[in-house]
Amino acid sequence: MLALFREKHGYDPREQEDPSTDELWLQFRCDQITEVANEIADVVHSYGKVMAASPFPTPAISRKMVRQDWGKWNLDIVFPMVYHNFYTKDVSFISDCTINNVRDKNPNTTLYCGMTATDGQEMFDCMDAALNNGAEGIAIFTVNGLRSAEVRNRFKAYTDSVKTLKAANTYPVNTAGRKVNTNPFENKGIMDNIHQEMTKYIETAKKLLYVYSCISRL
């Protein structure tokens, strides 16, 4: 790959002070993965099968983190792993990612939303965030995470109602063109979570200081 890049662009990316910030090198690596993904898609389609993938949350995030420029992949269905509890712990992350994915995905690809199971109300907030902003379906990793009978029953009722509305083409989708605010300091949910985490760290530090002070007196 380094030899191919040098042949195409005339230099070795390792000569850069920080190769990870070299856009040509970044795009080159993305293109290699895209080429392989689309070769696989050609084989899958030649057998009359459906090509799907579960990449990182959005083409932009995936491109930077793991070189998955999946908006250029010839997928039939995509299940981006929009795991809000891993990234920001706020449901708005799902809304923002879905808006970006509707915009940046291959126009021939059906967009589902892959999310982690939450055994409570948050599960339904997550599904609303995806479906109300353009996702055509959801995938739960995994549905066994819905442990309580109440949540399982609510989940079935929710999905049945969505199927009915979609079949009648009456499911409400956000068409107001809401823009994504990329400033985390203006996101109340994210800031509330940061405050909670900092409070926990402070309480832990206080307990440790108390223990240390007791030991020092011995």
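R67 counts as buried because its relative accessibility is 13%, and the cut-off for buried is under 20%. Keep in mind that this is a predicted model. You'll find R67 in the loop between helix 3 (59-66) and strand 2 (77-78). Its phi is near 65°, a positive value in a residue other than glycine. Most residues other than glycine have a negative phi.

K89 also has a positive phi, near 65°. K89 sits in the loop between helix 4 (84-87) and helix 5 (92-104).

| Residue | Phi | Relative accessible area |
|---|---|---|
| R67 | near 65° | 13% |

Next, a peptide bond. Most peptide bonds are trans. The one from F141 to T142, though, is cis, with omega near -15°. T142 belongs to the loop between strand 4 and helix 7.

Strand 4 (137-141) and helix 7 (149-167) turn up again in the second largest pocket, where each supplies at least two residues of the lining. That pocket has a volume of about 200 Å³. Which element gives the largest share of the lining? That's helix 7, with 6 residues. Among the lining residues are Y112, L131, E136, I140, F155 and K166. By type, the lining splits into 7 nonpolar, 2 polar and 3 charged residues.

Terms used: Residues numbered from 1 in each chain as written. Predicted model: local features only at pLDDT ≥ 70, side-chain atom pairs only at ≥ 80, totals over all residues. Heavy atoms only, no water. 1 Å grid on protein atoms, 1.4 Å probe; cavity = no way out; pocket = protein on both sides within 12 Å on 5 of 7 lines; lining within 4 Å. Points joined across faces, edges and corners; volume = space filled by probe spheres on them. Helix = DSSP H or I, 4+ residues; strand = E, 2+ residues; numbered from the N terminus. Nonpolar A, V, L, I, M, F, W, Y, C, P; charged D, E, K, R; others polar. Buried < 20%, exposed > 50% of the residue type's maximum accessible area, 1.4 Å probe, protein only.
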